[in-house]
Amino acid sequence: ACAASLAPQIDDIIGFYERCAPLLTPTDSDECLKGIARVVSTLPPDRVLAALQRMCAAPAAALQALVPQLQQLPPAPAPTAPRTAAATQSAETAALIKQAVDAFHTMGSLLRNVNVDTTTAAAAAAPGATHPVLSLMSALWPTVAVPLFVAFHTLPDEVAYELCRFCRCAVTACGSEAAPMLEALLQAATHAYARRPYPDVLYLANELLRVFGTNAQHTAVLMAGVQALCQATFAALQTPDACSWYPTIMQEFFDMLVRWVERLAPAILVVGSQPHQLAIACVAYAVHLLPTAHNCLEGTRSSLVFVTRLLKAGKQLQQTDAVGALLAQTGYPLVHALLCCIGGRQPASLYADIRSVLTTLHRANAPALLTWLCFALSVAMPPDTAPVLLPAGLAQPYPLPFTIDAGAAQVFIHDLFTAKRESQALS
């Protein structure tokens with residue numbers, strides 16, 4: 001409430017924080033940084049940059065000194081085996097990690113609360129001026145961020161998280177004015193993810209999609225970035241076991257795809273009345289994981305939300321042909337996988353999300369859904385059904401744990417769309 005009134009004392013406030021910082025708990029430090037950021041945000045743009053540079057000078061210098069040592073750490077484990085307890089670290093390594101985490105965390109906590117109004121008279125007096133957070137980020141990019149993204153596969157989880165958080169906070173603070181950094185940031189993140197899949201890279205990509213996805217001039221860059229992240233995820237998490245070992249990756253991946261649909265639906269579905277091949281591959285990947293990925297409740301829920309949003313986007317855009325082409329390749333396997341989930345492959349807490357997908361399919365193509373459900377519930381795969389298109393190396397859908405006759409299938413379909421409670425229909 002009094003941020004503007006405190007602005008003339010910003011130098012004294014920063015000096016007081018610098019003296020007290022070693023005595024503060026992490027929570028207290030975050031609260032102080034939040035308050036300082038709100039005061040800084042009321043300053044003229046040129047003074048905002050000076051204040052941020054002063055606040056970030058010590059942590060940035062510490063990180064620059066730590067980069068060579070962080071690059072020499074042994075590689076982090078890839079998601080090809082169950083996560084095990086971290087090996088005992090030497091006191092020197094533990095101290096190194098703590099310094100890096102503290103430095104990144106301080107800068108990220110500051111930047112996430114900076115809100116510079118670029119429409120003010122002071123900002124308008126300097127047309128073309130760079131956003132102060134972007135100026136700070138640009139200065140740190142070549143000496144800190146790039147070397148650590150290159151060495152991402154060697155970073156401890158705590159440092160990898162704080163690096164991604166710092167970049168995400170910077171993008172959030174800059175908004176669309178971070179556009180000059182978009183391509184470099186997305187390329188660095190996707191290359192790092194290809195060497196070591198890590199959930200917070202996907203969270204960073206989610207934020208980039210949120211900020212830039214509605215601007216058509218960034219569509220090509222964002223589509224290329226999402227495709228690279230998808231390919232790396234398909235390669236790293238090919239088996240349900242891998243998803244169970246690293247459930248957060250699965251959840252963040254499908255959360256990112258939900259944002260992808262929200263922001264880039266025309267580029268995904270309006271491609272000469274055909275869906276983008278990446279959309280087909282992502283639905284097929286969800287089909288592959290739905291009945292078999294256990295211990296990934298939130299990831300499975302996110303995959304169901306992704307499929308629902310994609311089909312709804314096609315209807316909203318009136319892309320009937322694109323949705324039809326998508327379902328021609330994925331419709332029956334998707335229904336088959338959903339019924340596997342209902343048959344005990346997934347918990348009842350997902351019934352509402354499963355019903356949402358089936359209801360959306362019904363609205364998209366009711367006759368086809370009826371055919372798919374009848375075949376899936378009563379017999380084997382229909383002879384005229386095209387084989388499911390899956391990313392290379394992935395298995396075909398899991399077999400249904402039950403079969404019923406066609407009459408019972410019709411009763412199930414009726415109950416599915418008339419029952420007031422999902423559990424009543426799906427049980």
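Predicted model: local features only at pLDDT ≥ 70, side-chain atom pairs only at ≥ 80, totals over all residues.

Visitor: Start with α10. How many residues does α10 have, and how far does it reach?
Guide: Helix α10 covers residues 199–212, which is 14 residues. From first C-alpha to last it reaches 20 Å. That is close to the 20 Å expected at 1.5 Å a residue.

Visitor: Is α10 mostly covered or mostly open?
Guide: Mostly covered. Of its 14 residues, 12 are buried. Among them are Pro199, Asp200, Leu204, Asn206, Glu207 and Phe212.

Visitor: What covers the buried residues of α10?
Guide: The cover includes helices α7 (132–150), α8 (157–174), α9 (179–195), α11 (219–236) and α13 (247–269).

Visitor: Switching to charges. How many salt bridges are there?
Guide: The count comes to 11.

Visitor: Which residue pairs with Glu162, and at what distance?
Guide: Arg165. The closest N and O atoms are 3.6 Å apart. Glu162 and Arg165 sit 3 residues apart in helix α8, so about one helical turn separates them. Both Glu162 and Arg165 are buried.

Visitor: And Glu262?
Guide: Glu262 forms a salt bridge with Arg259, with the closest N and O atoms 3.9 Å apart. These two are 3 residues apart in helix α13, again about one helical turn.

Visitor: Are Glu262 and Arg259 buried or partly exposed?
Guide: Partly exposed. Glu262 has a relative accessible area of 40%. Arg259 has 22%.

Visitor: Which residue does Asp353 bridge to?
Guide: Arg301, with the closest N and O atoms 3.0 Å apart. Asp353 lies in helix α17 (residues 351–364) and Arg301 in helix α15 (residues 297–316), so the pair ties together parts 52 residues apart in sequence. Asp353 and Arg301 are both buried.

Visitor: Which residues are linked in a network of salt bridges?
Guide: One such network links Asp11, Glu18 and Arg54.

Visitor: OK, the core. How many residues are in the largest nonpolar core?
Guide: It has 141 residues. Those with the most contacts inside it are Phe149, Phe152, Leu257, Trp260, Phe306 and Leu361. Helix α13 gives the largest share of this core, with 13 residues.

Visitor: What does Leu257 contact, leaving aside neighbours within four places in sequence?
Guide: Val226, Cys230, Cys282 and Phe306.

Visitor: Now rings. How many aromatic pairs does the structure hold?
Guide: The structure holds 10. Take Phe234 and Tyr285: their ring centres are 4.7 Å apart and their planes are at 55°, so the pair is tilted. Phe234 is in helix α11 and Tyr285 in helix α14 (residues 277–289), 51 residues apart. Phe234 and Tyr285 are buried.

Visitor: Give me another.
Guide: Phe254 and Phe306. Their ring centres are 6.2 Å apart with planes at 40°, so this pair is tilted. Phe254 lies in helix α13 and Phe306 in helix α15, so the pair ties together parts 52 residues apart in sequence. Phe254 is buried at 0% relative accessibility, and Phe306 is buried with a relative accessible area of 0%.

Visitor: Which residues form one aromatic cluster?
Guide: Phe234, Phe253, Phe254, Tyr285 and Phe306.

Visitor: Last one. Where does the charged end of Arg168 sit?
Guide: Over the ring of Tyr203, 4.0 Å from its centre. Arg196 lies over the face of Phe152, at 5.4 Å from the ring centre.

Conventions
Residues numbered from 1 in each chain as written. Heavy atoms only, no water. Helix = DSSP H or I, 4+ residues; strand = E, 2+ residues; numbered from the N terminus. Expected span 1.5 Å × (residues − 1). Buried < 20%, exposed > 50% of the residue type's maximum accessible area, 1.4 Å probe, protein only. Contact = heavy atoms within 4.5 Å. Salt bridge = Lys/Arg side-chain N within 4 Å of Asp/Glu carboxyl O. Core = buried A, V, L, I, M, F, W, Y, C linked by side-chain atoms within 4.5 Å. Phe/Tyr/Trp six-rings, centres within 6.5 Å; stacked < 30°, edge-to-face > 60°. Lys NZ or Arg CZ within 6 Å of the ring centre and 35° of its normal.
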